Protein chains: 2
Amino acid sequence: MSHPHPELGPPPKLPEGGLRVTPLGGLGEIGRNMTVFEYGGRLLIVDCGVLFPEEEQPGIDLILPDFSSVRDRLDDIDGIVLTHGHEDHIGGVPYLLREKADIPLIGSKLTLALIEAKLQEHRIRPYTLEVEEGHRERIGPFECEFVSVNHSIPDALAVAIRTPAGLAVHTGDFKMDQLPLDGRLTDLRAFSRLGEEGIDLLLCDSTNAEVPGFVPPERDISGVLRQVFSSAQKRIIVASFASHVHRIQQILDAAHEHGRRVAFVGRSMVRNMGIARDLGYLKVPAGLVVDVKTLDDLPDDEVVLVCTGSQGEPMAALSRMANRDHQIRIVQGDTVILASSLIPGNENAVYRVINGLTRWGANVVHKGNAKVHVSGHASAGELLYFYNICQPSNVMPVHGEWRHLRANAELAAKTGVPPANIVIAEDGVVVDLVGGKAKITGKVQAGYVYVDGLSVGDVTESSLKDRRILGDEGIISVFVVVDSTTGKIVGGPHIQSRGSGIDDAAFAAVIPKLDEALARSAQDGVAETHQLQQLVRRTVGKWVSDSYRRRPMILPVVVEV
Amino acid sequence: MSHPHPELGPPPKLPEGGLRVTPLGGLGEIGRNMTVFEYGGRLLIVDCGVLFPEEEQPGIDLILPDFSSVRDRLDDIDGIVLTHGHEDHIGGVPYLLREKADIPLIGSKLTLALIEAKLQEHRIRPYTLEVEEGHRERIGPFECEFVSVNHSIPDALAVAIRTPAGLAVHTGDFKMDQLPLDGRLTDLRAFSRLGEEGIDLLLCDSTNAEVPGFVPPERDISGVLRQVFSSAQKRIIVASFASHVHRIQQILDAAHEHGRRVAFVGRSMVRNMGIARDLGYLKVPAGLVVDVKTLDDLPDDEVVLVCTGSQGEPMAALSRMANRDHQIRIVQGDTVILASSLIPGNENAVYRVINGLTRWGANVVHKGNAKVHVSGHASAGELLYFYNICQPSNVMPVHGEWRHLRANAELAAKTGVPPANIVIAEDGVVVDLVGGKAKITGKVQAGYVYVDGLSVGDVTESSLKDRRILGDEGIISVFVVVDSTTGKIVGGPHIQSRGSGIDDAAFAAVIPKLDEALARSAQDGVAETHQLQQLVRRTVGKWVSDSYRRRPMILPVVVEV
């Protein structure tokens, strides 16, 4: 298996007749999926998603792929294929379209409806091309064929891309539920046909490659829901992802069977379920869904609330209920169902919500104590089937952290793909398919681009490093006016702190040290403001370290008179 | 089941002949376990541990129980029973002994050795009383009997406490491995005997009450280790907890069988394994353990490194290896085993380490892909056995977050403990056992006490709130000298920022706004420095919010001349 070399340089010119594949996101992380295909000087993009920040990226709203390698070539882009409507596949589109608004978006009906709703908030009206499974569309030099795949949102598509360089297949996110609620299978017949034609490069979802076995069918959840609904005495509150139409469908069905009404809570939940209902993806019996305001008129055992917040997001309804900071007050006997995954990194937040709800007496049903969630990504067992059906010449695992990519590569190797033809790339690593062989040839810029408030890209790694220090240790600001010839302090020092845990009164102890240090430096002829600021920083820093064994940030302002 | 009422006040005087139980830590959280027993005006403490901070407590080193409810009564404390040597049971002892150094510590041989080593670092020589299973010791009015229990550290004890108020049993942490490596079982015969005598109040470990079934035997891991050792080509690096003597024993045994030498890396690992070896808990074949410096002389396939860092701690050896920031450079073919649990909240850090190691070509074996860890706490199946053997009159779940306490309470109820006799308390909630019935009677102070650097308790919730704002949004400091009669700025403004993502040059735009605001306030006769500072804060804050949609902390210094 080829790994990217840490010292990769920019790629050479793509040989004529070659296909270049450059992942700008999603390889080395779960999120901000984006892959650029290049043939004959033209570009086709598959997906353009966002990544959600971790605690190492404090205060950040979203993380985008770095568009710099395509920024000078916006006119070369023939289209953006969107495999499905999840944020980690479509969330970056508004930011790319800000740079050029008329790049066509290609996707299924639901996917386009979701991205259009999102673009409306950004006041962008996109050019779109609706496709469905079985369709073939020529997009520039790229002959695309769309294949139905099964995922945790309806209407997901894989895309087969034919160029004279060969046949590349990008799965997008997928699993292989053999009893899907909507009857729409991952189309293994189509993949068999593509396999017989000869798949030169398979880009395959790695998310669950470490997980042995098979994902149970989504419909298995309905039995568990029924059981919970049967024994619930009072209100039922269900938290789930706002795009998981089939999960919500099962909740609606259970509510209907048990004579309860349903209200949707939360902007994204209301919006997405409206779209899914209008387009026929969500079947809602007449009178079942009511406005949340009318719930007070119903007895507790006829109520179901469906909300977001299943990941412990602090501003979502569910967290606020757990903190008694929401109009819906949890009482002894309420049932809360977290019908969703627990995304790694969210454990503390989610358990905080579960503990809060439990403390008020709610019976909390979650993934940890009942089968109320199944994953949307193929596990190892399914991936083995998939490789055996596709029998690709070259494999490039996508969508995953390093551990997932490597596990997926090992599965491909087990089914007989020659290890030399398995390319483990990461974001920015350029893979060229030339003469039927995929090879790493270089690397382009593919760092994190941070969205914070209105700005995109202004917050840098260095600002984040400052935030981490500020957040861990707090800050001491020191203002002092110095007579530059004597070194005497003639104004201030004004010393203030936030978050250091040091009382402002304690700073009296450092003033003699500052006096002494500044006087000595004047004797030594030190006069540069910059040097004096360094001196103040060092003097206060040493005092704090000696007295408290802490290292807050120190922000000195020295004014010389 | 009784829940604590949110508006509980201080408890009434304890009726004569009653036993008062006050948990100061460990109920509502996993960590800082500490329970105070009171009878006839005297106090007995069981455990005094620390809690490790979450991301919500940035920069904090440790969290202690709040000692305020016993601070005025230090002379009433007859002893501190330590059930075992884990940090969450002994880590707070140095801080309590700082307040009174001669409170006797009672525990088993290994437990006392570990606390003594820790106290030596704090330069405290404690009074100790070594006990073992089967021992009875009268400690003040408390007739204590110690019972062997099985946990993830050797030599753990439960304690039965007899007073005229009745028989209370505190399990400490325990599980019921039926094939323990050292042959030391959780002594169900002793618990049966206590049950027949009549347990009036059982305080029982809740950590795994939500987990169905039984914890597999520790020795099951050895087969998995042997398999990994057999197929390893190069070095083997094992990360585990520095106190898990039996886990390390199994690693030593596997190394010995496969002709490898072992070096311990990391201060706590070296220290604890030295203690365990000296006291006979760790059996080390001659010549097996070598100094880490001699490893370079050995071929890669004869080397095992045992280190800490299994929770992704950034400064530990393992994280530094993952970042190529350690003398041991991971290469293709090395095997890394994380033979430990994954404590909730550490997922991101641990996966970051796994991804880093994988990226350098290591084969990483962890809980997620092999059975290299078993828990130290009894699962639901074991707890049912335990309740049926003990048949206590009253139950008080301990050691757990709300979800664990409640799950444990439900298990007790299922075995026939009357729900009215099950008390779900939380930290600070006072439970009195009077006339054979346990009841919640009040609440004492039991908040978090933060250790940060040298200080204990100086960092408050308000400092932490500041840190969270600083960490998410950064800071802008504004220094300005104002002529208080005209409102004219006569010095500065000096505006600097850290972590806001706003370039210092951009602040030129806010200066006219400051000029205008200060001039207007002078016209309005505003002159108080405090008010002017507020004005500066508001003016800059509004500008940042309008221009960037962000809310950094603003720290104004206004000097009036």
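Trainee: How exposed is E56(B), and what is its relative accessible area?

Mentor: The cut-offs come first: buried is under 20% relative accessible area, exposed is over 50%, and partly exposed lies in between (1.4 Å probe, protein chains only). Areas come from the Shrake-Rupley method, and for residues only the protein chains shown count as cover. E56(B) has 33%, so this residue is partly exposed.

Trainee: What should I know about the model and its numbering?

Mentor: This is a predicted model: local features need pLDDT of at least 70, side-chain atom pairs count only at pLDDT 80 or more, and totals for chains, interfaces and linings use all residues. Residues are numbered from 1 along each chain as its sequence is written, chains are lettered from A and ligands numbered from 1 in the order in which they are written, and side-chain values use heavy atoms, leaving out hydrogens and water.

Trainee: Where in chain B is E56(B)?

Mentor: Look in the loop between β3 (42–46) and β4 (62–64) of chain B. Helices (H or I, at least four residues) and strands (E, at least two) are DSSP runs, numbered from the N terminus.

Trainee: Which residues form the negative surface patch?

Mentor: Patch residues have over 30% relative accessible area and no salt bridge; like charges are joined within 9 Å, and nonpolar side chains (Val, Leu, Ile, Met, Phe, Trp, Tyr) within 5 Å. Asp and Glu count as negative, Lys and Arg as positive, while His and the chain ends are not counted. Each charge is placed at NZ of Lys, CZ of Arg, CG of Asp or CD of Glu. Here E55(A), E56(A), E55(B) and E56(B) make up the patch.

Trainee: What rotation superposes chain A on chain B?

Mentor: Two copies of a chain are related by a rotation about an axis and a shift along it. In this model the rotation is 180°, the shift is 0.1 Å and the RMSD is 0.2 Å. That is how a two-fold axis relates two copies. In chain A, the residue closest to the axis is G471(A), with its C-alpha at 1.8 Å.

Trainee: How many helices and strands does chain A have?

Mentor: Chain A has 15 helices and 25 strands. Its C-alpha atoms fill a box of roughly 85 × 70 × 45 Å along the principal axes. Of its 561 residues, 59% are buried.

Trainee: How many salt bridges are there over all chains?

Mentor: A salt bridge puts a side-chain nitrogen of Lys or Arg within 4 Å of a carboxyl oxygen of Asp or Glu. The count over all chains is 64. One of them pairs K100(A) with D102(A), with the closest N and O atoms 2.8 Å apart. D102(A) is partly exposed, at 39% relative accessibility.

Trainee: Which parts of chain B does the pair of R403(B) and E210(B) link?

Mentor: These two side chains form a salt bridge, 2.9 Å from N to O. R403(B) sits in helix α12 (residues 402–414), and E210(B) in the loop between β12 (201–205) and α6 (220–231); they are distant parts of the chain, 193 residues apart. R403(B) has a relative accessible area of 8%, so it is buried.

Trainee: Where do R467(B) and D452(B) sit?

Mentor: They too form a salt bridge, at 2.7 Å between the closest N and O atoms. R467(B) is in helix α13 (residues 461–473) and D452(B) in strand β21 (residues 449–452), 15 residues apart. Both are buried. Salt bridges can also share partners: E38(A), R42(A), R73(A), D76(A) and D78(A) are joined into one network that way.

Methods
Areas by Shrake-Rupley, 256 points an atom, 1.4 Å probe, with all protein chains shown as cover. Least-squares fit on C-alpha atoms with pLDDT ≥ 70 in both.
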